[in-house]
Amino acid sequence: MATTNKELAAQIAQLQEQNRVMAQMLGLSPESGTVNETERADYIEHGSDKHAVFLGLIEVLEADMEDAKRNDYILYESPVSGRTWRLEDEISPFMAFPNPDKIAALYLRQKVSSLESGKPTIPDGAPTLLMPQSGF
Amino acid sequence: MRRILQKLNAIHRERMTTAALANPEMKEHYAKRASDGNDMFRMLNEGMDGLSHQFDPAPLQEVMVSADFTYTIQEFVQRLALEGYKMMEFDWTPLVKPDTVPNYLQVYRYQHRGSLDDLELVGEKERPRAGSKGETKRTNQVWRWEKEYDFSHELLVNDDLGYFKDQAMLMGDSARRTLAKYVSRFYTNAVSIARLVALGALYSQNGRLTTARVSEARMAFGQRVDDRGNPMEVEAVYLVYHRGLHDTVMQILQSTQVAELATNAKNVVNFIPIKDPYMTGTAPNLPWYMFADYKRSNVIPFILGRRQGMPGPMILRRRSDIESVTSMLGSGSPVDPIMGDFETGNIVLKVSDVWGTYVDGTEGNLFDYRGAYYSSGTAP
């Protein structure tokens, strides 16, 4: 039996978690809005390894650097993180260009920037949500 | 021309008079030259009038010109009302699914957003487990949006320019513009953006608008799943962008070679551009969004509710409470609306419309976030 509000809140959180696990075990699907985003099947965290895979980027580690250079991969060292990246596929997307290496390098740089810029921020000037209860 | 010649003649005469005073012995000579100059001016003056060149010894009379009547002639008054500015259009209709509600109360919309369970292997004499079915409930509600304008009787009578003639049309325009801004706010508001950001890299990014980023957005749509984790058929169709990105969008659309993933030749960036004039941003950090087409995929990014019987804005005028009579107790007849009301002569108009949408503290206005993608446009 909870004696303080804090304990009561902890018990409610525990029950909610048990309820969620139970629902998952039974195959019940709660409303999408209540699902924890990070547990969604299509959740990819910004800047994560999964995000890099999604973007078709491969990190070139120090140990692989010689090999990468020997294979003439187009490399890009991020000025933000210092990590070096290469494209998973340097061929097919750029075949039609007269100077594929140059385009691939630009493409690689943009992808790394997308990866390393992290979670998008909400612009300062973003308007608030119009809630009729609080008036427009 | 006449005035110039007249002035030149006067100068010539003045010079001859001065010279005659300085040299009295040559007075006759200078008088002759002054007279010749005068004759020459008369000849030119008459020539301009189409008259024959007959020398008249009579002195030239003072000519009255418009400059002598500064106020009565030279001040010409013309007043004209010019066309107003052309405003930028926002074609928002493909982004929102129209919905009709019966009244001002909240209504509910249900949608299957998760497929049924997969089948399970069942052993001998074993009973299958019960399947389940999920559903999603969304609300919709409409509200009244209005603006009132009042004019004095005198103002409208004095309006000889017709400055207020198109007032009703402008009021209709303001209603349409307000609705366009309202729709723009569906996705630019902080809660809707926060929702997409929280959903991860398949729903948001920071990159500036380039072909590579459009490609990322399209790939992200291609990897979305329903409530049960099954792949969905949903596509990024509409690119909604800040007006500062217009040239960039046109370049992307017109380029024949685009570095799309897993393609190698043709431009496959077949999105439909929509310029949102109400989206804010400071160059070069200009936001852009991609949305699904609800007609193709049933993934509805936004919903716009309208009340039944009220499909568009209405311009309303308060009926005049005046009637014209010939005797105090005789019957009256209606008067022209420009007479306004009995007490003050005011003419009152208002524009009214009814619309609304789904509003939620977590989802923002995103009826279905699976149909939306956001980029802050900050990363180079």
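This is a predicted model: local features need pLDDT of at least 70, side-chain atom pairs count only at pLDDT 80 or more; totals for chains, interfaces and linings use all residues.
Select residues 190-198 of chain B, which make up helix α5. Show the side chains of B:Ser192, B:Ile193, B:Arg195, B:Leu196 and B:Val197, the buried residues of this helix. An α-helix has 3.6 residues a turn, so residues three or four places apart point the same way.

Move to B:Asn189, which caps the N-terminal end of α5(B). One of its side-chain oxygens lies 3.0 Å from the backbone nitrogen of B:Val191. Then select B:Gly200, which follows α5(B) and has a positive phi, near 100 degrees.

**The interface with chain A**

Display both chains and select the residues in contact: 64 of chain B and 45 of chain A. Together the two chains bury about 4400 Å², with 58% of that area on carbon and sulfur atoms. For polar contacts between chain B and chain A, the count is 17 residue pairs, both residues at pLDDT 80 or more. Zero salt bridges are found across this interface.

Now colour the chain B side by element. Those that give two or more residues to it are β3 (136-152), α4, α5, β4, α6 (211-222) and β13. Which element gives the largest share? Return to α5(B), which supplies seven residues.

Finally, colour the chain B side by residue class: 27 residues are nonpolar, 21 polar and 16 charged.

Key: Residues are numbered from 1 along each chain as its sequence is written. Chains are lettered from A and ligands numbered from 1 in the order in which they are written. Side-chain values use heavy atoms; hydrogens and water are left out. Buried means under 20% relative accessible area, exposed over 50%, partly exposed in between (1.4 Å probe, protein chains only). Helices (H or I, at least four residues) and strands (E, at least two) are DSSP runs, numbered from the N terminus. A polar contact is a pair of N or O atoms within 3.5 Å; within protein, one must be able to donate a hydrogen and the other to accept it, and residues adjacent in sequence count only if both atoms are side-chain atoms. Contact means heavy atoms within 4.5 Å. Buried area is the accessible area (1.4 Å probe) that two parts lose on being put together, summed over both. A salt bridge is a side-chain nitrogen of Lys or Arg within 4 Å of a carboxyl oxygen of Asp or Glu. Ala, Val, Leu, Ile, Met, Phe, Trp, Tyr, Cys and Pro count as nonpolar, Asp, Glu, Lys and Arg as charged, and the others, Gly among them, as polar.
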